[in-house]
Structure formats: C-alpha cells, structure tokens
Amino acid sequence: MQSFLSYLWVFLAGGGVCVIAQLLLDLTRLTPARVLVLYVTAGVALGALGLYEPLREVLGCGITVPLLGFGGNVAVGVREAVATEGLLGALTGGLRAAAGGTAAAIVFGYLAALIFSGKPKRL
Amino acid sequence: MNRNEYKRLAERRAGRSPVLRNCLAAFLVGGGICLFGEALTGVYLLLGAEEKTAATLVTVTLIFLSALTSALGIFDDLARVAGAGTLVPVTGFANAVVSPALDAKSEGAILGVGAKIFTVAGPVLLYAILGGAVYGTLLSLFGWLA
C-alpha cells in the first residue's frame, strides 16, 4: 500500500507538471523551447529556495524526470560545490551535477544523427 | 502573403485547440513517463546502484530511448498527441537535441549537426548554468538571500 501510494504521487505530480506546461502552450504564446527554458529555470529556483530536495523526497521521478529536475539538480550541485570549493563552486557545481544527462543527450543525439538519415517530413 | 497573414489564416483554420483533451493527454503520458522512470529507479536500486547513480542512470536511459524513438520517427507521432506530456520530461530535452541534429545532417558535421544539436539544448543549458552560477555566487558571497 505504501509503495502504491508513492507511485500514485509520482504519477499525479509528473502529470500535473505536464498539464501546467500544456496550459502554457495552449493558452499563451509560449513556444515549446520557451517552456523548456522556463521549466529548467524554475527548477534552479526551486533548488535555490531549498524546495527541490523535499519535493524530490515525496514525489520522486514525478519531479526529477520533468526538466524541473535538471534545474533542481544544477542548484543542488552548485550548493554542494560552494560548500567545499567556495566561490569557484558557483561555476563548477552546476555542470558537474548535470553532466550525465547533458553528455547522454549530446552523445546519443550525435549517434542518432550519424546512424539514421533525416526522417521524411510527415505533414 | 506575409508571415503574419499566414499565421492569422492558420489560426482561423485550426480553430480553437481542444485544450481539455490536450491536457488529459499531457497528464496521462507525462505521468506515465515519470511512473516508468520511478519503476526503472526501483530496478536500478535492486541491481545494487546507489540512489544518486540510479537517478542518473534513469535520466540516461530515458534520454537514450527518446533519442532512438526520435530517430525512428516514433517520438514525433507520440508527441503530436501527448504535447507537453513528452515535451516536459527529460524525453523532450533529448528529442530537442536529436531532431535538429538529424535535420541538419545535410549541412555538414560542424555547422550542421555540430551546431544544430544545440538549437534547443543550448538555451536550456545556458539558463540552467547561468541560474546556477547566480545562485552559487550569492550563496558564496552573501549566504544566498542575505
């Protein structure tokens, strides 16, 4: 039961985060790229305000998988780096925390472009 | 017909977008992707990964699957229905890396694929790193919001 409830929270949070983005897309002039930037920036803000970690504790992948998690990770990484390296941590912590996802996207993206040919445009 | 006229025409033809239907699709698919990520986390933890490593592995796995399905053209079919449901999870970030890279293949390896791979990932990374740097600077110099 405990684990069913935690999965339910993940689903509701992840779905809810996406619905907010869908409303922004449908009801405002925001483009998908702007929504992505907005979400990653909001994630950094959540992390900086100390809200990301408690949310992650309860919502799990419901908040880490959306791009909010990418931003939250960056903020948490910066905080940890500043604690050990001081001001330099402001520059080193963010990318270090986001390294896995960033490198994965670039490497897999490049390989996909290398192996597959551009897909025919479907209208 | 200039750009604005075209936009107005397209909007008239498209009519009102079915917001409720879009939201439902975004909710189900987006929630589903997060649920899949959570289940995957459980699998990686079971295989002996540490919590932090498991989280990174899940991100990497989701990005790999998105890159593969994007290249195969399946992702776009799903994204057309799911809207923000596939955009907002890290899957959308991966798709935004792969799609421009694929399209730019004919423009060469350097300024084609090499540059276009960052069309959307670039802004996302920029504002994430910039935000982190601002936060880190304030934190280091003033203890954050002094």
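Visitor: How many helices and how many strands are there in chain A?
Guide: In this predicted model, the pattern of chain A, read along its sequence, is α-α-α-α-α-α. The C-alpha atoms of chain A fill a box of roughly 50 × 40 × 35 Å along the principal axes, and 49% of its 123 residues count as buried. The count for chain A is six helices and zero strands.

Visitor: Which helix supplies the largest share of the side of chain B that touches chain A?
Guide: The contact draws 64 residues from chain B and 63 residues from chain A. On the chain B side, at least two residues each come from α2 (19-46), α3 (51-72), α5 (84-87), α6 (90-103) and α8 (121-142), and the residues of that side divide into 43 nonpolar, 18 polar and three charged. The largest share, 16 residues, comes from α8(B).

Visitor: At what angle do helix α6 of chain A and α3(B) pack?
Guide: In this pairing, residues of α6(A), including A:G100, A:A104 and A:F108, meet residues of α3(B), among them B:T56, B:V60 and B:F64. By class, the contact of α6(A) with α3(B) has 10 nonpolar, six polar and no charged residues. The crossing of the two helices, α6(A) and α3(B), is right-handed, and with their axes 9 Å apart, helix α6 (residues 89-115) of chain A and α3(B) pack at an angle of about 20 degrees.

Visitor: Is α6(A) roughly parallel or roughly antiparallel to α3(B)?
Guide: The angle between α6(A) and α3(B) is about 20 degrees. Because angles under 35 degrees count as roughly parallel, α6(A) is, relative to α3(B), roughly parallel.

Visitor: Which residues touch the most other members of the largest nonpolar core?
Guide: Leaving aside neighbours within four places in sequence, A:L36 is in contact with A:L67 and also with B:G92, B:F93, B:A96, B:V120 and B:V124. The largest nonpolar core has 79 residues, and those of its members that touch the most others are A:L36 and B:F93.

Visitor: Why does B:T119 count as partly exposed, and how many C-beta neighbours does it have inside 10 Å?
Guide: B:T119 is found in the loop between α7 (109-116) and α8 of chain B, and its C-alpha lies 9.7 Å from that of B:S99, a residue 20 positions away in sequence. A residue is buried if 20 or more other C-beta atoms lie within 10 Å of its own and exposed if 12 or fewer do. B:T119 therefore counts as partly exposed, its number of C-beta neighbours inside 10 Å being 16.

Key:
Residues are numbered from 1 along each chain as its sequence is written. Chains are lettered from A and ligands numbered from 1 in the order in which they are written. This is a predicted model: local features need pLDDT of at least 70, side-chain atom pairs count only at pLDDT 80 or more; totals for chains, interfaces and linings use all residues. Two residues are in contact if their C-beta atoms, placed from the backbone, lie within 7 Å. Helices (H or I, at least four residues) and strands (E, at least two) are DSSP runs, numbered from the N terminus. Ala, Val, Leu, Ile, Met, Phe, Trp, Tyr, Cys and Pro count as nonpolar, Asp, Glu, Lys and Arg as charged, and the others, Gly among them, as polar. A nonpolar core is a set of buried Ala, Val, Leu, Ile, Met, Phe, Trp, Tyr and Cys residues joined through C-beta atoms within 7 Å. Axes are lines fitted to C-alpha atoms, for helices over the stretch in contact, and angles run from 0 to 180 degrees between N-to-C directions. Angles under 35 degrees count as roughly parallel, over 145 as roughly antiparallel, 65 to 115 as roughly perpendicular and the rest as oblique. A crossing is left-handed if the near helix is turned anticlockwise from the far one by less than a right angle, and right-handed if clockwise.
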